[in-house]
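Let's walk through this model together, one level of organisation at a time. Keep the viewer open and follow along.

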Amino acid sequence: MAQLQHFGWFFGRGFGPQGWGHPYYDWNYRWTSPKLYQHSIRELEQAGLDLLIIEDALSLGSRETLDLRIRSAYGGPKLDPLLLTPYLLDATEHIGITPTINAGATPPYLAARQAATLQHLSDSRFGINVVTDVKSARHFGLEELAHDAAYARAEDWLAAVRKLWHSWGDGALVEDRDTGRYADASKLDAFHHEGEYFRLDGPLNAPPFADGDPIIVSPGGSGPGLAFAGANSDVQLALAPLTVEAVTAYRAKVHESAVQHGRRPEDIKILFVFKPEIVDSQEEVDRVVEASKHPTDAAVRAILEGQSSDLETDLTVLDPDAPFDPSIFGQHVSQGTIRGLVGDSGEPQTLRQIATRKAKKGSIADGSGFVGTVGQVADFIETLGDDAGNDGFIFSGDLHPVTIHGYLDALVPELRRRNILRSEWGDRGTRSNLFG
Ligand SMILES: Cc1cc2nc3c(=O)[nH]c(=O)nc-3n(C[C@H](O)[C@H](O)[C@H](O)COP(=O)(O)O)c2cc1C
């Protein structure tokens, strides 16, 4: 029998104008109103997803790239996902909610206290997606750390956060009416944390948790990113090619790091980002795949627009049919990201060729892409579970009912029929759903 897997939703591009640029913007939800997200997350919960992860970026970028970020709403405006979270928790009963927190921006004591509050308010359904992006440092008057140093800071940050969460020892809460004693300070740990980046005193003024710490999620895929995941995370948000070989190799790296840090491989769920396109028949698969080989000018432009925002380099002002020179990218754009866009061949190519390659879709049944019938998509999910030991997947998109229904309407019943997707919930919060 197929094994049960875990599913989540990555609310990519975060708490911003949901649906902008799509016809469904005219469903007339107001993106600044909680109703849109409450409606959407109820659907995710009904679908049996364990987790919603909310992307965030703290900055619109530099003066030079502001327009790139906001003109199509790819990178902003954006509101704070932590403050949206209580509305989502209030609309649901079972699904876990993990907004993004940047370890360089929120001081550990404040982060520990906010997370503790939401963990209590939610009956243990809260978590944090810990990220290390450094581009917002100047808004906080902070030095912009290098990539690996930002991970070292995140380790120090999380160590301090955890010490704060655990600073109320067993028996600290007494609640004895007869003696009139509510709590016992001798059981509190007034520790001093002296890390490389953070220096602070405990204890936290929040009481201990009934069902474990908030869930720690991490998305980094570099060496330090995977090491951070192995050492610390309950869930790794994994971005990798979705083959049995690549998923097995990715899992092995995270598990190796977990073991090095005294944890068990099963202490971490590795969930792979997955964006299937579900269509009605094999004929439609063939038609969609074939049509994608010839993207319209509008489709090419939309791809270049998105890449321009992500890479902070305006590709839309260049001639799409002239040879493209990758030296246009600034030093801050990662080499891996550039390679992902232009490929490794070193052959001269135009932006239209690059965008056409990005637009190209393939069939999930033959492993060339992610377009398939519901049966083919479910086969794919089942195979990765059975042959690569995969823990599950994260769907990625905006938090809009139209997007959610596009992925899940046909897939949920098919996965339930195969016992791959939960129909029941644990009663002790997100940790018990993921690990119970
Ligand atoms: C699937 C995925 C989701 C991410 N989500 C966020 C996010 O919400 N906010 C953010 O600042 N960075 C986010 N990142 C970026 C990572 O935090 C990190 O800065 C980046 O991946 C570089 O780390 P790496 O070199 O270890 O991959 C995300 C990365 C991935 C792969």
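This is a predicted model: local features need pLDDT of at least 70, side-chain atom pairs count only at pLDDT 80 or more; totals for chains, interfaces and linings use all residues.

Eight strands, paired in parallel, form a closed barrel in the order 1-2-3-4-9-10-11-14.

In general, strands of a sheet pair through backbone hydrogen bonds, in either a parallel or an antiparallel way.

Helix 7 (residues 244-260) lies across strand 10 (235-238) and strand 11 (269-274), and runs at about 140° to strand 11.

Which helix axes come within 9 Å of each other? Those of helix 1 (residues 34-46) and helix 3 (residues 81-90), which cross at roughly 50°. Because of that angle, helix 1 counts as oblique to helix 3. Their crossing is right-handed. On the helix 1 side, Pro34, Tyr37, Gln38 and Ile41 take part, meeting Leu84, Tyr87 and Leu88 of helix 3. By class, this contact has 6 nonpolar residues, 1 polar and no charged.

Finally, zoom out to the whole chain. The protein is divided into domain 1 (6-281 + 371-435) and domain 2 (294-359), and their C-alpha centres are separated by 30 Å. Where the two touch, 7 residues of domain 1 are in contact with 6 residues of domain 2. The domain 1 side of this contact holds 2 nonpolar, 4 polar and 1 charged residues.

Key:
Residues are numbered from 1 along each chain as its sequence is written. Domain bounds come from an automatic or database domain assignment. Ala, Val, Leu, Ile, Met, Phe, Trp, Tyr, Cys and Pro count as nonpolar, Asp, Glu, Lys and Arg as charged, and the others, Gly among them, as polar. Two strands pair if DSSP finds at least two bridges between them. Helices (H or I, at least four residues) and strands (E, at least two) are DSSP runs, numbered from the N terminus. Axes are lines fitted to C-alpha atoms, for helices over the stretch in contact, and angles run from 0 to 180 degrees between N-to-C directions. Angles under 35 degrees count as roughly parallel, over 145 as roughly antiparallel, 65 to 115 as roughly perpendicular and the rest as oblique. A crossing is left-handed if the near helix is turned anticlockwise from the far one by less than a right angle, and right-handed if clockwise.
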